[in-house]
Amino acid sequence: MATNGNPQIRVKSYFAKCVTDAMEVALRELGPDALLLDSRPSPPEARHLGPLEVIFGETSENSRGALPPPSVSTLEIDALCRKVDDIRSLLVRTTASTPYGGARARPVQQVLIDAGLTAALADEIDEAVYLQIRARTESGNPRHEIVQDVEPQLVLRTTLDNLNARIQIRPELGKITALVGPPGSGKTSALVKLAIREGLMKNRPVKLLSADTFRIAASEQLRIYAAILGVPYQVAESCSALAQAMDAAPAGCLLLIDTPGLSPALLEGPGADLAAFFRKRQDIDVQLVLTATTQSRDMEKATNRFAAFRPSASIFTRLDETDSLATLFCEVVRNKMPVSYLCDGQIIPEDLESATKERITEGLVLHLLSVLTPVSE
Ligand SMILES: Nc1nc2c(ncn2[C@@H]2O[C@H](COP(=O)(O)OP(=O)(O)O)[C@@H](O)[C@H]2O)c(=O)[nH]1
Ligand SMILES: [Mg+2]
């Protein structure tokens with residue numbers, strides 16, 4: 001156990017099998033105002049004390065002065081204090097004034113934060129799970145008793161139901177579908193995969209239209225794909241050309257429109273005309289293509305930027321390049337946009353699948369499983 005004092009915060013590490021165990025001891029020792037600051041795998045020299053190092057803080061006004069003397073350097077503590085500022089959004093305050101009568105054990109929240117969810121969303125889900133379990137078990141017990149007494153499977157099931165209820169899935173395309181998104185997000189690849197999957201494989205006529213005329217030879221890539229697939233292809237140099245091509249498409253034909261990758265600068269210039277055109281044409285199903293590897297702030301910014309196109313759903317690519325879909329999950333919960341398709345590789349058309357809730361939440365579920373049902377030693 002390592003401790004240190006400082007004018008604002010006293011920090012203490014607990015080594016345990018899981019966050020709940022550490023929390024139990026910390027709450028006993030530090031009192032109800034203990035702050036859960038961080039958790040991470042124990043360093044090798046402390047691993048015999050427990051696989052997980054859980055760090056708690058105690059603010060100076062609440063310090064009882066009974067803790068052992070410092071054993072880590074001031075530098076380390078200063079760094080940690082700076083980190084506390086940085087991770088303010090991740091900081092979990094375990095206060096006695098929760099609406100649930102002094103309950104403090106919040107393993108679901110911590111596991112979800114560890115899995116990559118934002119603290120606010122993890123908190124919201126934890127709260128809902130707790131209330132649902134309390135209602136189901138008709139127990140008036142405080143939270144820490146509930147999470148200790150209730151079957152882990154019930155906690156897991158309730159959490160899973162809660163995660164799934166927050167996302168919407170809509171694996172379908174409009175008769176005229178346009179893919180929009182940042183440069184390199186995988187629009188053209190997804191478009192070709194969709195042409196095969198939703199057109200050719202279903203014996204439905206397909207036509208590919210390129211509105212990607214901003215970059216030299218950008219539309220050439222799609223022309224080659226169209227030639228390989230043997231489907232009609234056209235470049236639309238302007239919005240009016242796009243409208244003409246749309247109006248001329250035969251009934252029953254799936255019309256897929258590729259668009260230029262629009263950086264923030266382009267979105268405000270030529271991209272604005274395209275956005276206005278898409279907004280005006282209600283018959284275009286706009287789908288936003290984003291990469292699952294994008295950082296949460298950038299993903300949020302991209303979604304906000306492309307809101308001008310009024311996308312009805314989002315397609316996520318590069319699932320093969322990340323182990324965590326937590327950012328994707330947080331973003332679709334935040335923007336309430338359905339997810340239609342997922343791409344997990346460069347191979348056309350194999351690396352495309354209809355989105356499912358299970359695929360999006362499976363990583364979170366595995367994380368929950370490993371913590372809520374710890375393997376007995
Ligand atoms: N690893 C991986 N690469 C992808 C995926 N989707 C597209 N790519 C690659 O990303 C690059 C850009 O794709 P492209 O479709 O041209 O993006 P666009 O600029 O949005 O049209 C290409 O090299 C694609 O092969 C995916 O799901 N996973
Ligand atoms: Mg492209």
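View 1. Helices (H or I, at least four residues) and strands (E, at least two) are DSSP runs, numbered from the N terminus. This is a predicted model, in which local features need pLDDT of at least 70, side-chain atom pairs count only at pLDDT 80 or more, and totals for chains, interfaces and linings use all residues. Residues are numbered from 1 along each chain as its sequence is written, ligands are numbered from 1 in the order in which they are written, and side-chain values use heavy atoms, with hydrogens and water left out.

**View 2. The protein has 377 residues, and 50% of them count as buried.** Buried means under 20% relative accessible area (1.4 Å probe, protein chains only). The protein exposes about 17,600 Å², and carbon and sulfur atoms supply 52% of that area. Accessible areas come from the Shrake-Rupley method with a 1.4 Å probe.

**View 3. Ligand 1 has 15 residues around it.** A residue counts as near if one of its heavy atoms lies within 4 Å. Lys187, Ser189, Arg318, Asp320 and Glu321 come nearest. Helix 7 (residues 187-199) gives the most to this shell, with 3 residues.

**View 4. Ligand 1 has polar contacts (pairs of N or O atoms within 3.5 Å) with Asp320 and Glu321.** A polar side-chain atom of Asp320 lies 2.8 Å from a nitrogen atom of ligand 1. For Glu321, a polar side-chain atom also lies 2.8 Å from a nitrogen atom of the ligand. A backbone N or O atom of Gly186 lies 2.9 Å from an oxygen atom of ligand 1. The protein covers 81% of the 580 Å² of accessible area that ligand 1 has on its own.

How values were computed. A polar contact is a pair of N or O atoms within 3.5 Å; within protein, one must be able to donate a hydrogen and the other to accept it, and residues adjacent in sequence count only if both atoms are side-chain atoms.
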